[in-house]
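Visitor: I would like a close look at one part of this model, with its surroundings and with whatever cautions belong to it. Please take me through it slowly and in one connected account.

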Amino acid sequence: MSRHSKIQSNFSSFAGGEIEGPTVRQLKVGEEVRRLLAQIFSRSPFRDPVLRDVEFTITEARMSPDLKNATVFIAHLGHEDIEEYLPALKKAAPFLRGELAHAAVLRSVPKLQFQGDHSLEEASRIDHLLDSPKVKRDLNEKDAEDFEEDSSQGETWGA
């Protein structure tokens, strides 16, 4: 056992297990897949009438460790009905994979799986909550308390 693996194993047992994020390669390929799919969506008309006149935003493409599968997160801005388009996107996945094969410079083109991205809706909901009068009142009270603490500490420090 090498010195580095011993240190890592000690840390992982302390932290409750190893948690590894995506590699740099996964992130780069995922971003390239996201960018290319956004181009394909903007210029390629779909045969499926469900997808024909809909504009999507591709927020992220997560690659599997072997780079053979991609989970594509997609949003329909201004609408919360992304789930109704997922079956049509699943049917269009082979076509999109073929278009991706022509555009990408990859050893193998990943299989595409689509999921709705609700993070933008969640961010909007949180923003709306932060703008509510109750939260603003609480934040103003907290700011006033912090200001009073800072000013009283400043007087003792300056003495």
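Guide: pLDDT is the predictor's confidence in each residue, on a scale from 0 to 100, and a contact means heavy atoms within 4.5 Å. This is a predicted model, in which local features need a pLDDT of at least 70 and side-chain atom pairs count only at pLDDT 80 or more, whereas totals for chains, interfaces and linings use all residues. Residues are numbered from 1 along each chain as its sequence is written, and side-chain values use heavy atoms, with hydrogens and water left out.

The average pLDDT of the protein is 79, and 77% of its residues score at least 70. Over residues 1–14 the pLDDT stays under 50, and for this stretch the model has four contacts beyond four places in sequence. Among the elements, helix 1 (residues 3–15) has the lowest mean pLDDT, 43, while strand 3 (residues 111–116) has the highest, 94. Where pLDDT is low, the predicted coordinates should not be read in detail.

The protein has six helices and three strands, these being DSSP runs numbered from the N terminus (H or I over at least four residues for helices, E over at least two for strands). Along the sequence they follow the pattern α-α-α-β-β-α-β-α-α. Of the contacts between residues at least 6 apart in sequence, 63% join residues at least 24 apart. Buried residues account for 27% of the 159 residues, where buried means under 20% relative accessible area, exposed over 50% and partly exposed in between (1.4 Å probe, protein chains only).

The part to look at closely is helix 2, which spans residues 24–43 and packs against helix 4 (residues 86–103) at an angle of about 110°, with the two axes 10 Å apart. The axes are lines fitted to C-alpha atoms, for helices over the stretch in contact, and angles run from 0 to 180 degrees between N-to-C directions. Helix 2 and helix 4 are therefore roughly perpendicular to each other, a description that covers 65 to 115 degrees, with under 35 roughly parallel, over 145 roughly antiparallel and the rest oblique. On the side of helix 2 the contact is made by V33, L36, L37, I40, F41 and R43, and on the side of helix 4 by L89, L96, E99, L100 and A103. These residues divide into nine nonpolar, no polar and two charged (Ala, Val, Leu, Ile, Met, Phe, Trp, Tyr, Cys and Pro count as nonpolar, Asp, Glu, Lys and Arg as charged, and the others, Gly among them, as polar).

With a relative accessible area of 15%, F41 is buried. Leaving aside its neighbours within four places in sequence, F41 is in contact with F46, F56, I58, I74, L89, L96 and F114. Its C-alpha atom lies 9.9 Å from that of L51, ten residues away along the chain.

L51 belongs to helix 3 (residues 49–52), and with a relative accessible area of 0% L51 is buried. Beyond four places in sequence, L51 is in contact with F46, F56, Y85, A88, L89 and A92. L51 and Y85 stand 34 residues apart in sequence, yet their C-alpha atoms are 7.3 Å apart.

The whole structure holds five salt bridges, each a side-chain nitrogen of Lys or Arg within 4 Å of a carboxyl oxygen of Asp or Glu. One of them joins E31 to R34, with the closest N and O atoms 2.7 Å apart; because they are three residues apart in helix 2, E31 and R34 are separated by about one helical turn. E31 is partly exposed at 42% relative accessibility, and R34 is partly exposed at 23%. Another salt bridge joins E32 to R35, its closest N and O atoms also lying 2.7 Å apart, and this pair too lies in helix 2, three residues or about one turn apart. Here E32 has a relative accessible area of 31% and is partly exposed, while R35, at 34%, likewise counts as partly exposed.
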